[in-house]
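Student: I would like a close look at one part of this model, the aromatic rings, and then at what else can be said about its surroundings.

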Amino acid sequence: MSAAPEQTAPGGTEQPGDVLAEAGERVLEGGVGLTEEQVRRVLALPDERIPELLALAHEVRVRWCGPEVEVEGIVSLKTGGCPEDCHFCSQSGRFPSPVRSAWLDVPGLVRAARQTADTGATEFCVVAAVRGPDARLLAQVRAGIEAIRADGNPIQIACSLGMLTQEQVDELVAMGVHRYNHNLETARSHFPNVVTTHSWEERWDTLRMVRAAGMEVCCGGIIGMGESQAQRAEFAAQLAALEPDEVPLNFLIPNPGTPYEDYPVVEGAEALRVVGAFRLALPRTILRFAGGRELTFGDLGAKRGMLGGINAIIVGNYLTNLGRPAWEDLDMLEELAMPIKELNRTL
Amino acid sequence: MSAGGVYCGYCGRARDEGDHGACARRLGVVDPPRFCAACARRMVVQVTPGGWTASCGRHGESRSA
């Protein structure tokens, strides 16, 4: 496939070529993600070109990731009372959110893992609302993993426990945690508007240690937190530079009591543009539909997203919010003839 | 604790005060109940992949179907 010829505007001013044609050559044929500037142009495409964008993104996903979809479930081990001030989060202890603190006990964790495995999921992510884990939390994680294994559940375990020290990274590796989630959340330039109690760089440091220790890196963010289109492109480029194994793509759920409670839900067409653009920026990465898709897309979007570059989903509920029932997503995958990734195979 | 109690499970305000249409649109779609429908206390809610439980200190536990 060749790139579209450069267009020349009246008056002789050179205009950039068609970005989807460029993506066809660079991403689809070459397997190389779009540059930040190209992502910005994709995000500026008019609505009528969204189907074309999604079709290309789907083709890229199938070419470079294959037809399989990775299914994951997540659970909140420690809910609420977080000392950080992530403005989107209903679990921050700094905001008047109705979410109250709670700990899930080990039997509850085992049940949640079993529920997740029963959907055919290969991944179960244990999440805690903390700045970073303390000894008590790590002991609970260790006991939980041991109990899940004693239950005969072979599902792969991921964790999301905030910022880590090297010693804690090593502990998680020793427990058999194979993937660690730590979201950069948004563009580096926008991060100080979202979080003030720690820095983007501190998150990056944890990700670097996780990667070096041999755990898979899961790192994504949330769309719809007041970032500009340029910052969305910046974020995609920063994620691409990180080369994560997985990028979860969330859309803001404006939760009551948080600073973002009155932010508008991301409009469906806009969200689809983001899905396609992120796939073109990250052609070989697991791109996961995560929180907020129910509000953002309604009934329309899940299928269009799956046919627009997404190759992984969180099924069932999220940490404090509800999702679609797992069976609805599994039925959708069957209808789309998208096979679910088998356990112990990597995409 | 029925969903049709005195208080709204989403915002905790009395059901007969104001419009709770937006609350209803959130409840069950992306939100579990956070306030006890009988007394408006904030409940301890645990969301799991397949459901939720919500505990009120006075009125006990409710759970998703």
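Student: How many aromatic pairs does the structure hold over all chains?

Tutor: The model is predicted, and over all its chains there are five aromatic pairs. One of the pairs joins A:Tyr260 and A:Tyr263. A pair of aromatic rings is described by the distance of the centres and the angle of the planes. For A:Tyr260 and A:Tyr263 the centres are 4.3 Å apart and the planes make an angle of 25°. Planes under 30 degrees apart count as stacked, so this pair is stacked. The two partners can also be described by accessibility. A:Tyr260 has 3% relative accessibility and therefore counts as buried. A:Tyr263, at 30%, counts as partly exposed. Elsewhere in chain A, one aromatic cluster is made up of A:Phe251, A:Phe289 and A:Phe297.

The largest pocket comes next. Its space amounts to about 360 Å³, and 19 residues line it. Nearest its centre lie A:Arg111, B:Gln46, B:Thr48, B:Thr53 and B:Arg63. Chain A supplies at least two lining residues from each of β4 (102-103) and α4 (106-118). In chain B, β1 (44-48), β2 (51-56) and β3 (60-63) each supply at least two as well. By class, the lining has nine polar, six nonpolar and four charged residues.

Conventions
Residues numbered from 1 in each chain as written. Chains lettered and ligands numbered in written order. Predicted model: local features only at pLDDT ≥ 70, side-chain atom pairs only at ≥ 80, totals over all residues. Heavy atoms only, no water. Phe/Tyr/Trp six-rings, centres within 6.5 Å; stacked < 30°, edge-to-face > 60°. Buried < 20%, exposed > 50% of the residue type's maximum accessible area, 1.4 Å probe, protein only. 1 Å grid on protein atoms, 1.4 Å probe; cavity = no way out; pocket = protein on both sides within 12 Å on 5 of 7 lines; lining within 4 Å. Points joined across faces, edges and corners; volume = space filled by probe spheres on them. Helix = DSSP H or I, 4+ residues; strand = E, 2+ residues; numbered from the N terminus. Nonpolar A, V, L, I, M, F, W, Y, C, P; charged D, E, K, R; others polar.
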